[in-house]
Amino acid sequence: MRALPAFAAALLTVSLALAGCSMGASDSQDMKADSAAKPATGQQGAGAAADEGQGEKLTEDGKKAEPDADAAKTHVIRTATLSVEVKSVTKALAEARSVALDAGGVIEDETTERVDDSYITSHVVLRVPEAEYDSVLTELAGTGKLLSRTANAKDVTEQVVDVNSRIATQRASVNRVRKLMDQAQDITDVVALESQLNTRQAELESLLAKQASLADRTTMATVTLDLSERAKEEKDDGDDSPGFLDALGGGWDAFVSVLRWIVVVLAAILPFVVALAVLFVLWRVFGVRLTALRARRTPAVEPVVEPAAAASPDEGKQD
């Protein structure tokens with residue numbers, strides 16, 4: 001009974017030394033042990049779904065599976081930035097949404113604002129499948145006048161392969177520690193093995209999260225679209241001399257303006273005209289009566305006729 005804890009401790013020491021070695025003959029044995037061991041509940045954690053199908057090397061009947069075709073695939077992170085000038089940002093934005101959704105993508109971020117109450121700008125981040133990346137860029141660039149375009153492709157194949165290998169090694173290491181815990185009987189060994197299991201499980205969860213992030217960025221390309229409205233252009237016919245229609249239009253505008261001012265003036269003096277008309281009517285009614293009344297009260301004065309002067313005798317003689 002005493003030999004079993006000592007054997008478990010020695011086996012733990014050997015497994016810890018093998019965990020930090022590079023992939024070699026020991027990695028092949030770790031993969032076989034990982035496939036043969038019964039997976040424990042919650043072993044893969046929150047990132048197990050992202051690793052589904054990556055670490056499976058054996059079929060259900062225990063035979064070695066065919067090499068994964070995805071392992072030889074080139075993994076590239078694609079990003080692009082487009083700046084497009086359009087007539088209407090609202091219509092162009094609706095078209096960009098339709099293009100992304102039809103391609104199987106999503107709208108990750110959107111910011112639309114009105115500047116100085118004169119024009120609208122929009123900043124949109126789209127996530128589209130890598131297979132539809134080129135066609136989506138072509139359709140988005142065709143919504144208006146392309147001002148600028150920046151595309152970037154980053155090859156992360158080596159990083160993906162490295163993460164997958166580290167996940168396989170770490171998963172095998174976790175399984176070994178679980179086996180040792182099943183065999184351990186001393187409480188000290190159980191505590192030490194549990195500490196090692198928690199540490200390795202945390203590292204495995206971190207690797208699975210990194211694998212999921214790489215898978216998302218390599219399968220879905222990111223397209224940043226900046227939309228802006230073009231400035232309104234003034235019409236320029238190249239001939240500034242007025243024509244017949246221009247003169248007719250100008251005369252009609254002047255005629256309408258004169259009529260408008262006449263109406264305004266008439267409306268302004270109308271109250272005064274009404275007041276003067278009322279005063280005139282009152283004067284005609286009451287003024288005539290007062291004049292007649294005064295004429296009745298004033299007595300008639302007969303004109304005084306002065307007697308003619310008597311003719312002198314000298315004037316008769318002269319005649």
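Modeller: Helices (H or I, at least four residues) and strands (E, at least two) are DSSP runs, numbered from the N terminus. The model is predicted, so local features need pLDDT of at least 70 and side-chain atom pairs pLDDT 80 or more, while totals for chains, interfaces and linings use all residues. Residues are numbered from 1 along each chain as its sequence is written, and side-chain values use heavy atoms, without hydrogens or water.

The part I have picked is helix H3, which covers residues 89-102. H3 has 14 residues, and from its first C-alpha to its last it reaches 20 Å. That is close to the expected 20 Å, which is 1.5 Å times one less than the number of residues. After H3 comes glycine 104, with a positive phi near 90°.

Which residues of H3 are buried? They are Val89, Ala92, Leu93, Ala96, Val99 and Ala100; buried means under 20% relative accessible area, exposed over 50% and partly exposed in between (1.4 Å probe, protein chains only). These residues lie on the same side of H3, because they cover an arc of only 120° around the axis, taken from the directions from the axis to the C-beta atoms. On the other side of H3, the exposed residues are Thr90, Lys91, Leu101 and Asp102.

The buried residues of H3 pack (heavy atoms within 4.5 Å) against several elements. Strands S1 (76-86), S2 (106-115), S3 (119-129) and S5 (220-229) are among these partners, and helix H4 (133-141) is another.

The side chain of arginine 97 meets that of glutamate 110, at 2.7 Å from N to O. This pair links distant parts of the chain, since arginine 97 is in helix H3 and glutamate 110 in strand S2, 13 residues apart. Arginine 97 is partly exposed at 31% relative accessibility, and glutamate 110 is partly exposed at 32%.

There are five salt bridges in the structure, and two others involve strands that H3 packs against. In one, arginine 78 and glutamate 130 meet through their side chains at 3.2 Å, N to O. Arginine 78 belongs to strand S1 and glutamate 130 to the loop between S3 and H4, so this pair ties together parts 52 residues apart in sequence. Both ends are partly exposed, arginine 78 with a relative accessible area of 29% and glutamate 130 at 24%.

In the other, the side chains of glutamate 108 and arginine 127 meet at 3.3 Å, N to O. Glutamate 108 is in strand S2 and arginine 127 in strand S3, 19 residues apart. Glutamate 108 is partly exposed at 49%, whereas arginine 127, at 9%, is buried. A network of salt bridges links Glu108, Arg127 and Asp216.

S3 and S5 run antiparallel and are joined by nine bridges; two strands pair if DSSP finds at least two bridges between them. S1 and S5 run parallel, with eight bridges between them. Valine 86 stands opposite glutamate 229 in S5.

Conventions. Salt bridge = Lys/Arg side-chain N within 4 Å of Asp/Glu carboxyl O.
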